[in-house]
Amino acid sequence: MAKIRLDRFLSNCGAATRSQAKKLIRQKRVSVGGITVTDESMKVDDDCTDIMLDNKKLVLEKYVYIMLNKPRGVISATDDKTHKTVTDIIKEEHKGLFPAGRLDIDTEGLIILTNDGDFAHKTLSPKNHVTKKYIACVSGLSYSKELAENFAQGITADDGTTFRPAILCLIEENQDNTVFSVEITEGKFHQVKKMFAAFGGKVITLKRISFGEIVLDETLPTGRYRRLNEKEMKYVNTIKNNRIFMEGI
Ligand code: URA
């Protein structure tokens with residue numbers, strides 16, 4: 001048990017953002033132990049079960065799961081001396097979360113932030129084959145059936161790294177670049193870039209659009225985040241209950 005500020009308790013419950021929580025408290029809509037509170041900085045126990053918003057009891061969840069649409073230029077770490085990190089983006093509301101997996105600094109798209117080490121470990125474990133889907137804009141490489149077959153068979157990169165079978169599809173072919181979707185079940189360093197490089201392609205832009213059954217919310221602008229919804233949480237729980245092995249490919 002630890003003490004946290006009341007406004008943080010509300011935001012950590014998912015009841016409001018931190019600034020909304022301050023407003024709700026000032027509007028006398030929050031009570032602790034039956035007494036209306038107007039001081040947002042009041043310290044409460046994080047396991048307190050006697051906090052109400054209007055007539056609804058609020059209970060702090062042990063684990064928090066956030067979907068972030070990571071912008072380019074931000075690194076997938078909890079702190080860094082020179083670059084903005086994914087946790088800097090969400091820190092105002094959520095302390096103590098970390099990214100479940102990594103995206104390169106120049107990759108954008110879906111990243112899950114959580115304080116649940118078990119979930120992170122299970123999704124990242126190579127044993128679990130969680131499928132991640134990317135949209136890659138690539139120069140110097142056109143789509144062909146043979147290329148898709150090569151991806152489907154598994155690739156060895158120029159540096160000798162081997163990659164498991166992946167699903168490659170064509171999205172569009174422009175004059176200068178080709179846009180592909182690629183689904184992989186690992187998370188090796190620079191994996192997608194290396195897979196295309198093995199055939200002479202250079203990834204110009206890369207965006208992750210899904211992580212297992214969690215799909216990047218199209219209404220979430222770059223740099224914005226939200227909690228996972230009920231359907232997405234069902235998937236999290238499936239992973240945590242370990243019923244998921246060998247998805248997809
Ligand atoms: N593959 C890459 O090359 N980079 C990423 O950020 C993710 C997958």
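Predicted model: local features only at pLDDT ≥ 70, side-chain atom pairs only at ≥ 80, totals over all residues.
Domain bounds come from an automatic or database domain assignment.

Figure 1. Residues are numbered from 1 along each chain as its sequence is written, and side-chain values use heavy atoms, with hydrogens and water left out. The assignment gives domain 1 (3–58), domain 2 (65–126 + 218–240) and domain 3 (131–211). Taken over C-alpha atoms, the centres of domain 1 and domain 3 are separated by 47 Å. The C-alpha trace spans about 70 × 35 × 30 Å along its principal axes. The protein has seven helices and 17 strands; these are DSSP runs numbered from the N terminus, helices being H or I of at least four residues and strands E of at least two. Of its 249 residues, 47% count as buried (buried is under 20% relative accessible area, exposed over 50%, partly exposed in between, with a 1.4 Å probe and protein chains only).

**Figure 2. The largest nonpolar core.** A nonpolar core is a set of buried Ala, Val, Leu, Ile, Met, Phe, Trp, Tyr and Cys residues joined through side-chain atoms within 4.5 Å. The largest one has 31 residues, of which Phe151, Leu168, Val182, Val192 and Phe196 touch the most other members. Among the elements that each supply at least two residues of this core are strand S9 (107–114), helix H5 (145–153) and strand S14 (177–184). Domain 2 (65–126 + 218–240) and domain 3 (131–211) each give this core at least three residues. A second, separate core of 18 residues includes Phe9, Cys13, Val30 and Val44.

Figure 3. Contact means heavy atoms within 4.5 Å. Neighbours within four places in sequence aside, Leu168 is in contact with Tyr143, Leu147, Ala148, Phe151, Phe180, Ser181, Val182 and Phe196. Thr107 is found in strand S9 and is buried, with a relative accessible area of 2%. With neighbours within four places in sequence again left aside, the contacts of Thr107 are Lys70, Pro71, Arg72, Lys193, Leu206 and Lys207.

**Figure 4. The largest pocket.** On a 1 Å grid over the protein atoms alone, a pocket is an open set of points where a 1.4 Å probe fits, with protein on both sides within 12 Å along at least five of seven lines; lining residues have an atom within 4 Å of a point. The largest pocket holds about 430 Å³ of space, where grid points are joined across faces, edges and corners and the volume is the space filled by probe spheres set on the points. Of its 27 lining residues, Arg102, Tyr134, Glu186, Gly187 and Lys188 are the closest to the centre. The lining divides into ten nonpolar, nine polar and eight charged residues. Domain 2 (65–126 + 218–240) and domain 3 (131–211) each supply at least three residues of the lining.

**Figure 5. Arg26 in helix H2.** Arg26 lies in helix H2 (residues 18–26). Arg26 and Val182 are 156 residues apart in sequence and 49 Å apart in space, C-alpha to C-alpha.

**Figure 6. Two loop residues with positive phi.** Asp54 is not a glycine, yet has a positive phi of about 50 degrees. Asp54 sits in the loop between strand S5 (51–53) and strand S6 (56–58) and counts as partly exposed, at 39% relative accessibility. His129, in the loop between H4 and S10, has a positive phi near 50 degrees. His129 counts as buried, at 12% relative accessibility.

Methods: Nonpolar A, V, L, I, M, F, W, Y, C, P; charged D, E, K, R; others polar.
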